[in-house]
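The following note sets out numbered points for a colleague who is examining this model. Each point is meant to be read beside the coordinates.

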Amino acid sequence: CFVDKDRQVHVANVGDSRAVCATRKGGGPWGSFDLSTDQKPERPDEKKRIEAAGGFVEQLFDPEDGPVGPYRVWAVRQQYPGIAMSGSIGDLVAGTVGVIPVPEQVTHVVDDTWQFIILASDGVWEFIESQEAVELCAKYFPNVQEAADKLADEALKRWRHEEEVVDDITAVVVRFR
């Protein structure tokens, strides 16, 4: 993610990390919109590519509880790779079943309502929606370091409440002014 001299934000994303823009006009309410799109295997376009490459997409299956967790990419009749994203850099095994290292690229024009951007790993987005993340970070704005720390703390708290394991949690907040 970078801003050029023409006030355009260029975003390239592989996997399920996400870039989110926080907007605000005057003293009005905070808004949000995603600058990137998660590369998830259940997305119809991603699923089609994976299946064309010989992989398949489904959740883990627990004999007692049925399907559990996120959709994952699998090799046919195998217990691997089990990756919960359809884009990944450097995963050679997943690459054999349609997981690609090619970033999705998009450009956005910055306007005066843009206040900050959140760049965060899927460990943040698993239990926190983009708008909620913006509202949480806005409480600490313009202190972007504290905003990022509080967002990561909240993500960790939710993982501990919901799951027995904790996914990677990384958050960066960058302000425009």
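1. Strands here (E, at least two residues) and helices (H or I, at least four residues) are DSSP runs, numbered from the N terminus.

2. The model is predicted; local features need pLDDT of at least 70, side-chain atom pairs count only at pLDDT 80 or more, and totals for chains, interfaces and linings use all residues. Residues are numbered from 1 along each chain as its sequence is written, and side-chain values use heavy atoms, with hydrogens and water left out.

3. β2 belongs to an open sheet of 3 strands, ordered β1-β2-β8 with antiparallel pairing. Since β1 (2-3) and β8 (104-109) are at the edges and each has a single partner strand, one side of each is left without a neighbour in the sheet. Two strands are taken to pair if DSSP finds at least two bridges between them.

4. β2 (residues 8-13) pairs with β1 over 2 bridges, and with β8 over 6 bridges.

5. Which residues have the most contacts inside the largest nonpolar core? They are Phe116, Ile118 and Leu151, in a core of 20 residues. Two or more residues come from each of β3, β9, α3, α4, α5 and β10, and α4 gives the most, with 5 residues. Such a core is a set of buried Ala, Val, Leu, Ile, Met, Phe, Trp, Tyr and Cys residues joined through side-chain atoms within 4.5 Å.

6. Leucine 151 touches Ile118, Val124, Ile128, Ala133, Leu136, Cys137 and Ala171, leaving aside residues up to four places away in sequence. Contact means heavy atoms within 4.5 Å.

7. In helix α4 (residues 130-138), the buried residues are Ser130, Ala133, Val134, Leu136, Cys137 and Ala138. Buried means under 20% relative accessible area (1.4 Å probe, protein chains only). The cover over these α4 residues includes β3 (18-23), β4 (31-34), β9 (114-120), α3 (122-125), α5 (144-162) and β10 (171-175).

8. The largest pocket is lined by 16 residues, with Pro70, Arg72, Ala84, Trp159 and Asp167 nearest its centre. β6 (residues 66-75) gives the most to this lining, with 4 residues. A pocket is an open set of points on a 1 Å grid over the protein atoms alone where a 1.4 Å probe fits, with protein on both sides within 12 Å along at least five of seven lines; lining residues have an atom within 4 Å of a point.

9. For the chain as a whole, there are 5 helices and 10 strands. Buried residues make up 38% of the 177 residues. Among contacts between residues at least 6 apart in sequence, 59% join residues at least 24 apart.

How values were computed:
Buried means under 20% relative accessible area, exposed over 50%, partly exposed in between (1.4 Å probe, protein chains only).
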